[in-house]
Amino acid sequence: SILIGGTMQARYQYGNLTVRKRRKGPNLWQFRWMENGKPKSELIGTVEKYPTRADAERAVGSLRMKINEQSSQTQFHSLTVGTLIDRFMEQHVPKHCRKLTASVYRSLFEKHIRPKWGTVFVDNVKALAVKEWLETMPHSRQVKSHVRGLMHILFEVACLWEIVCENPISRVRQSRKRLNKPRVLMPEEFRALLEKLVEPYKTMVVIIACLGLRVSELLGLQWGDIDFENLTVTIQRSCSEGEICQTKNTSSEGTLPLDPDLAEVLLRHKAQGVYLAESDFVFTGASGKPPWPDSILADHLKPAAEMAGIGRIGWHTFRRSYATLLHDSGPTLAVQKELLRHADIRTTMNIYTQAVSSAKRDASSKVVNTLWRK
């Protein structure tokens, strides 16, 4: 410790990084430091994983930050964006993000952000430089928007940790507007697709399209969420990457009207099922757990779409189709917002008012009529 202003302050610790030799297996990088006057150490990884000292130093950066959190001298020891990313993924993401979100973050960091900014000190990241970099990236506006958004989140957390005083990404603007119109299925295309599907995938597609669900919400449905007497479906959880968790956001939760014919479809599906308890999932694999959406898309939906001659589709194609037909059926914007369960009101044109259930039911049935019923 050192004396500053009459009080003892913890000295900034660089630590000591050495190679620990082993009789069997590859040698290890070991990091040593002092904590409350006692020696501490941690194994960082093998020399195969981190071939050079520079590689090992980058790997130990997040640990060094954590060790020096209480040091008054931390402000004088700038760190790189790469080290900030490591700490963000180790400490922030596990507490605040779902598994799928963590996977997306990791991909964006490793493919785009770390190669460009990993060795740059956080204090040297400037808005203009980030803006010019995004403008020259050979990717779609959507990818650029995701990259910009993640960098903004990263520096917001850095502000919370008092690593930087302000977020430079706040001054960077990036349009998310698509250059190409997203795919929407017309009713005749949807029916052609259904003709090429077998059960239970046919029922899955009918339900997700006619209720406008996200695929994670479809797979998170349990039988207890469906009220056949009052014809409602309550959306209150999602399934993503095999992980059962909360919905995308609080606005995503809600109770939707269930068209009587859709209720009949679900009852027929239930009659063929094995897992029928209130807490069992509506759509399951042999184990009773929700199936993997990517496998269903690759093995069943895309081949069926090809056979039907309707081109490429994805799970979100059905929600976009629902939103388009819902808008065309003429309900108020408030009804559209309620049925689509948007978090940001701007997604449904800045209307905040609540819709009455009778209006929602009428609008939902109109979509079912147009899309599915002949």
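This is a predicted model: local features need pLDDT of at least 70, side-chain atom pairs count only at pLDDT 80 or more; totals for chains, interfaces and linings use all residues.
**Reading a helix pair and the cysteines**

Reader: Which residues of H7 and H11 meet?

Author: H7 brings Met204, Val205, Ile208, Ala209, Cys210 and Leu211. H11 brings Trp315, Phe318 and Tyr322. By class, this contact has nine nonpolar residues, no polar ones and no charged ones.

Reader: Cys210 is on that list. Is Cys210 buried or exposed?

Author: Look at relative accessible area; under 20% means buried. Cys210 has 0%, so it is buried.

Reader: And Cys165, buried or exposed?

Author: Cys165 has 86% relative accessibility, and over 50% counts as exposed, so Cys165 is exposed.

Reader: How many disulfides does the count give?

Author: A disulfide is a covalent bond between the sulfur atoms of two cysteines. Here the cut-off is a sulfur pair within 2.5 Å. The count is zero. Take Cys165: its closest cysteine sulfur is in Cys159, 7.9 Å away, so that is too far for a bond.

Reader: What about the whole protein chain?

Author: The chain holds 13 helices and 10 strands. Of its 374 residues, 43% count as buried. The chain exposes about 20,800 Å², with carbon and sulfur atoms supplying 50% of that area.

Reader: What share of contacts joins residues at least 24 apart?

Author: Take contacts between residues at least 6 apart in sequence; 56% of them join residues at least 24 apart.

How values were computed: Residues are numbered from 1 along each chain as its sequence is written. Side-chain values use heavy atoms; hydrogens and water are left out. Contact means heavy atoms within 4.5 Å. Helices (H or I, at least four residues) and strands (E, at least two) are DSSP runs, numbered from the N terminus. Ala, Val, Leu, Ile, Met, Phe, Trp, Tyr, Cys and Pro count as nonpolar, Asp, Glu, Lys and Arg as charged, and the others, Gly among them, as polar. Buried means under 20% relative accessible area, exposed over 50%, partly exposed in between (1.4 Å probe, protein chains only). Accessible areas come from the Shrake-Rupley method with a 1.4 Å probe; for residues, only the protein chains shown count as cover.
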